[in-house]
Amino acid sequence: MKRVITAVVLAPFITYAVLWGHYYLFLAVLTSIAMLCFWEFRGIVAGHGLEPPHLAAFAAGLVIMLAPLDVMLPTALALVFLALALRLDNLSKALPSAACAVLGLLYVFGTWRTAAELRAISPWWLFFALALNWFGDSAAYYTGRAFGKHKLAPQVSPGKTWEGTAGSLVASILFGVIYAHFLLPGVSLPFAAAIAAAGNIAGQLGDLVESAMKRGGGLKDSGTLLPGHGGWLDRVDSSLFSVPTVYLLITHLGLR
């Protein structure tokens with residue numbers, strides 16, 4: 001019940017912010033979610049026995065979200081956090097600390113910056129990239145319960161099955177085709193199906209990646225802020241992979 005209530009409260013607000021909200025409202029919501037995700041990422045890093053990224057990383061995250069894109073930005077971030085790692089008493093942790101900081105910044109803030117760029121092309125494209133996972137996750141759950149027999153990645157996520165994965169993929173493709181037909185005029189249905197499939201596969205991979213990070217750190221959930229769902233990172237792990245995938249495909253296939 002907690003899971004349902006959380007979804008009922010959040011879904012309309014997120015949908016409004018993505019599709020119809022003023023740009024600054026959307027950006028505020030997006031940045032807030034990114035900050036919460038990064039806080040939980042720091043907890044996962046700590047669970048691995050590593051030094052979590054310095055709090056200065058939150059300021060760096062704001063730069064990624066709000067500053068004009070520049071090819072030097074990732075390089076500058078790497079150099080800054082390599083320098084900050086020198087503060088550690090145990091220098092054997094300096095390199096892993098810097099690596100985790102840069103990885104987390106690109107994994108969380110870099111992805112949500114991609115979401116902002118995708119919305120600039122069309123809010124309907126961003127909603128497409130997000131909703132793929134909502135439909136896919138639901139289909140995976142019910143298909144897996146009804147038909148699941150073959151484990152997908154038992155060491156990473158014991159409950160996931162190949163049957164659930166297939167159900168998720170089919171549901172996302174059907175959703176993508178119907179969605180494009182009504183809400184993305186000018187996009188051919190084969191292209192919509194292909195992008196939906198790629199986004200779904202990326203999203204399922206993102207789910208497994210976050211599960212692997214948590215399991216490696218001995219954590220069940222990334223946080224407790226979303227009753228019934230765990231943490232924010234648990235809820236958006238698929239989107240962190242699917243959104244950049246959809247953005248990359250539509251910008252490189254000339255569909256924007």
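At what angle do the axes of helix α5 (residues 94-121) and helix α6 (residues 123-147) cross? They cross at roughly 135 degrees and come within 5 Å. Before going on, note that this is a predicted model, where local features need pLDDT of at least 70 and side-chain atom pairs count only at pLDDT 80 or more, while totals for chains, interfaces and linings use all residues. Residues are numbered from 1 along each chain as its sequence is written, and side-chain values use heavy atoms, with hydrogens and water left out.

Back to that crossing. The axes are lines fitted to C-alpha atoms, for helices over the stretch in contact, with angles from 0 to 180 degrees between N-to-C directions. The helices themselves are DSSP runs (H or I, at least four residues), numbered from the N terminus. The angle makes α5 oblique to α6; oblique is what remains once under 35 degrees is called roughly parallel, over 145 roughly antiparallel and 65 to 115 roughly perpendicular. On the α5 side, the contact (heavy atoms within 4.5 Å) is made by Ala115, Leu118, Arg119 and Ile121, and α6 brings Pro123, Trp125, Leu126 and Ala129. Seven of these residues are nonpolar, none is polar and one is charged. Here Ala, Val, Leu, Ile, Met, Phe, Trp, Tyr, Cys and Pro count as nonpolar, Asp, Glu, Lys and Arg as charged, and the others, Gly among them, as polar.

On a 1 Å grid over the protein atoms alone, a cavity is a set of points where a 1.4 Å probe fits but cannot get out; a pocket is an open set with protein on both sides within 12 Å along at least five of seven lines, and lining residues have an atom within 4 Å of a point. The largest cavity holds about 30 Å³, a volume being the space filled by probe spheres set on the points, which are joined across faces, edges and corners. Its lining includes Pro53, His54, Phe81 and Arg87. Helix α5 turns up again here, giving the largest share of that lining with three residues.

The second largest pocket has a volume of about 400 Å³. Of its 21 lining residues, Ile14, Trp134, Trp232, Arg235 and Val236 lie nearest the centre. Helix α1 (2-19) is among the elements supplying at least two residues, and α1 gives the most, with seven. By class, this lining has 17 nonpolar, three polar and one charged.
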